[in-house]
Amino acid sequence: MESSFDIESKVDPMEAENAVNQARKEVAQRYDFRNVGADISWQGEKVLLKANSEERVKAVLDVMQTKFIKRGIELKMLETGDPYPSGKEYRIEIVLKNGISTENAKKIQKVIREQAPKTVKSQIQGEELRVSSKSRDDLQNTIRLLKSEDFDIDLQFSNYR
């Protein structure tokens, strides 16, 4: 009988929302953010940071990143744009990465093919990978192997059966 698990890369939407709300509260309360137009808001799938100068908007970004880390969201799951002027303010857009891109999926598959035990097979399924083998030990070794590698996304392992 074959065992398998899925490799995913997702940001928990509730944790992301909590992080944004906590950052918004901190920015509203801090004295150094008074009268600089500092703001944090959701814009669909993006988080938009605003302030009246480039250094202030970078300080808002710092608060935001700290809150994400505290909520267990890896910074590599955020695609952070550069500050850009917009009218009288500066803005930074943050996009949350969800799903494994084809490029990253191929990198993961290559590591599995070259370094995992030979019984382990992987298959790309949309934005995740299914990894299977007859040996549960080989699957656990594969999980350990992938955790030790540095991909530019945060991996979660689910549906182990």
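Predicted model: local features only at pLDDT ≥ 70, side-chain atom pairs only at ≥ 80, totals over all residues.
**Entry 1**

Residues are numbered from 1 along each chain as its sequence is written, and side-chain values use heavy atoms, with hydrogens and water left out.

I then turned to the largest nonpolar core, which has 43 residues; Ile7, Ile40, Leu49, Met64, Phe68 and Ile108 touch the most other members. Such a core is a set of buried Ala, Val, Leu, Ile, Met, Phe, Trp, Tyr and Cys residues joined through side-chain atoms within 4.5 Å. I took buried as under 20% relative accessible area, exposed as over 50%, and partly exposed as in between (1.4 Å probe, protein chains only). Elements that each supply at least two residues of this core include β1 (3-8), α1 (13-29), β3 (46-51) and α2 (54-70). With seven residues, α2 gives the most to this core. Helices (H or I, at least four residues) and strands (E, at least two) are DSSP runs, numbered from the N terminus. In soluble globular proteins, nonpolar side chains tend to be buried together.

**Entry 2: Helix α3**

I checked the length of α3: at 1.5 Å a residue its 14 residues should span 20 Å, and its end C-alpha atoms are 20 Å apart, which agrees. The expected span is 1.5 Å times one less than the number of residues.

Which residues of α3 are buried? I found Asn104, Ala105, Ile108, Gln109, Val111 and Ile112. Seen down the helix axis, the buried residues fall within an arc of 155°, so they line one face of α3; the arc is that of the directions from the axis to the C-beta atoms. They pack against β1, β7 (121-125), β8 and α4. The face turned away from the buried side carries the exposed residues Thr102, Glu103, Lys106, Arg113 and Glu114.

**Entry 3: Salt bridges**

I recorded 13 salt bridges in the structure, each a side-chain nitrogen of Lys or Arg within 4 Å of a carboxyl oxygen of Asp or Glu. One of them joins Arg71 and Glu15 at 2.6 Å, N to O. This pair links distant parts of the chain, 56 residues apart: Arg71 is in the loop between α2 and β4 (78-80), and Glu15 is in helix α1.

Asp32 and Arg30 also meet in a salt bridge, at 2.8 Å, N to O. Salt bridges that share partners join Glu26, Arg30, Asp32, Arg56 and Lys67 into one network.

**Entry 4: Aromatic rings**

How many aromatic pairs does the whole structure hold? My search gave two. Rings of Phe, Tyr and Trp (its six-membered ring) pair if their centres lie within 6.5 Å; planes under 30 degrees apart count as stacked, over 60 as edge-to-face and the rest as tilted.

The rings of Phe5 and Phe157 have centres 5.8 Å apart and planes at 75°, so this pair is edge-to-face. Phe5 lies in strand β1 and Phe157 in strand β9 (residues 156-158), 152 residues apart. Phe5 is buried, at 1% relative accessible area, whereas Phe157 is partly exposed at 24%.

The rings of Phe5 and Tyr160 have centres 6.4 Å apart and planes at 25°, so this pair is stacked. I conclude that ring pairs link Phe5, Phe157 and Tyr160 into a cluster.

Methods. Contact = heavy atoms within 4.5 Å.
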